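Student: I would like to learn how to read a protein structure. Can we go through one together?
Tutor: Gladly. Look at the picture, then ask about one feature at a time.

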Amino acid sequence: MSTPAKHEVLIIGGGTAGITVAARLLRKHYTDVAIIEPSDKHYYQPLWTLVGGGQATADETERAEASVMPRGAKWIKSAVSTVDPDTNTVTCADGTTYGYDVLVVAPGIQLDWERTEGLTDTLGRDGVSSNYRFDLAPRTWEFIRDTRSGTAVFTMPSGPIKCAGAPQKIAYLACDHWRRQGVLDNIDVHLVVPTPRIFGIPAIADNLDKVIADYGITLHTGSEVRSIDSAARKVTMTNLAEGIETTLPYDVLHAVPHQSAPDWIKSSPLSTSHVGGDANGYVDIDKHTMQHVRYPNVFALGDAGSSPNSKTGAAIRKQAPVVVENIGAVLSGQPLRGAYDGYASCPIVTSSHDMLLAEFDYDFALKPSFPLLDPVKPHRPYWLLKKYGLPAMYWNLMLKGLA
């Protein structure tokens, strides 16, 4: 039996988290960093909301994976099938096994479309779309643009999802477009969320309630769309506390899928579900050090980690330097010093010209980057940051380990 190829640091995932960590490691003169990533393309997903709202094009969000792969990293172009942290090995779909001194798990999140009954059958057709897929975000805009009357439904599932603000942002962009077209009064708009309020921080929720009221949106809190009947063009909505079911008709429907850790993580010893924890199966890590709670040479960051922060690119930007610092500590036998405070940023576009930038930590304490602007209200400069500033920072600084 051949000995598997071994790397000092093996990274699973060439998305935002994996590339950022690799770039930072290489800048610290690590020489044996490998990334397992099967995709040819790399996406800046935060812009998909603007694509769905007619404010950006899908092409702006896509680049070749090779163009973001850090120089000096070994790219293993394959997909992971199993991980065995007891033998420090990872096996890929092609049967090749790789060893590691330190493993970084950053494969992103799995979109579980099938958990909403009837959704997979109608995606991209008959007014149903989702900004959570590159190919569907342009369809969202087509359906919004073509709607002049009727009923519009925007959904959010229960459980952790990436960019938890995205389900409501597209509702505001759609309403802004319909208002500018003079047809908003002809459209009955519904926003269905599983949470008690539209946002977890009361001061921000208060201002978003004003946005919702201004557009005339009917907000259904503590509720979830469980099934879609595309033939009848209606959804079944369940009140999560009482179990009462009601139906809503739709002419246009923006559906957000349930999300979880990739299946191969769920079935691995790294998962929270392995010890009878969260059924979504995220990598079981300490929320401050990002280190696995049972395997000290394993770290996870980004959407696949169990840390209870909002799953955003901004969180990764703060997690990555912590992971890199603590990798160094493990390799040199030192105590961990890097600590992540739960910082996340949720840019919530409220129209085609305004945005609210919610920045907060684990305690939901506000952490504004621009304290001169009221952090709980929408502002025009924030919208410009979303459209132009953040993508430029992402491609030119963050993925190069510079921000």
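**Reading the features**

Tutor: Start with a pair of side chains. Asp 209 and Arg 197 form a salt bridge, with their closest N and O atoms 2.7 Å apart. Keep in mind that this is a predicted model.

Student: What is the general idea behind such a pair?
Tutor: Side chains of opposite charge can pair when their charged atoms come close.

Student: Where do Asp 209 and Arg 197 sit in the chain?
Tutor: Asp 209 belongs to helix H7, residues 202-215. Arg 197 lies in the loop between E12 and H7. The two are 12 residues apart, and the pair links distant parts of the chain.

Student: How many salt bridges does the count come to?
Tutor: The count comes to 16 salt bridges.

Student: Now the domains. Which stretches make up each one?
Tutor: Domain 1 is put together from 6-109, 261-343 and 395-400. Domain 2 covers 112-258. Their centres, taken over C-alpha atoms, are 30 Å apart.

Student: How do I read the interface between them?
Tutor: The size of an interface is often given as the accessible area lost when the parts come together. Here, the area buried between domain 1 and domain 2 is about 1600 Å². Carbon and sulfur atoms give 63% of that area. On the side of domain 1, Trp 48, Thr 49 and Gly 52 lose the most area to domain 2. Together they account for 33% of what that side buries.

Student: Which residues touch, and what kinds are they?
Tutor: In contact are 18 residues of domain 1 and 19 residues of domain 2. Between the domains there are 0 salt bridges. There are 3 residue pairs in polar contact. Helix H2, residues 48-52, gives the largest share of domain 1's touching side, with 5 residues. That side divides into 7 nonpolar, 8 polar and 3 charged residues.

Student: Next, the sheets. What is the strand order in the open sheet of 5 strands?
Tutor: The order is E10-E17-E11-E12-E13, and the pairing is parallel.

Student: Why is one side of E10 and of E13 left without a neighbour in the sheet?
Tutor: E10 (128-129) and E13 (218-220) stand at the edges with a single partner strand each, so one side of each has no neighbour there. Further in, look at one pair. Strand E11 (residues 150-155) runs parallel to strand E12 (residues 187-192), joined by 6 bridges. Phe 154 has Leu 191 in E12 as its bridge partner.

Student: Which strands pair in the antiparallel sense?
Tutor: Take E6 (residues 80-84) and E7 (residues 89-92), which pair that way over 4 bridges. Val 83 is partnered by Val 90 in E7. The two strands form a hairpin with 4 residues between them. In the turn, Asn 88 has a positive phi of about 55 degrees.

How values were computed:
Residues are numbered from 1 along each chain as its sequence is written. This is a predicted model: local features need pLDDT of at least 70, side-chain atom pairs count only at pLDDT 80 or more; totals for chains, interfaces and linings use all residues. Side-chain values use heavy atoms; hydrogens and water are left out. Two strands pair if DSSP finds at least two bridges between them. Domain bounds come from an automatic or database domain assignment. Contact means heavy atoms within 4.5 Å. Buried area is the accessible area (1.4 Å probe) that two parts lose on being put together, summed over both. A salt bridge is a side-chain nitrogen of Lys or Arg within 4 Å of a carboxyl oxygen of Asp or Glu. A polar contact is a pair of N or O atoms within 3.5 Å; within protein, one must be able to donate a hydrogen and the other to accept it, and residues adjacent in sequence count only if both atoms are side-chain atoms. Ala, Val, Leu, Ile, Met, Phe, Trp, Tyr, Cys and Pro count as nonpolar, Asp, Glu, Lys and Arg as charged, and the others, Gly among them, as polar.
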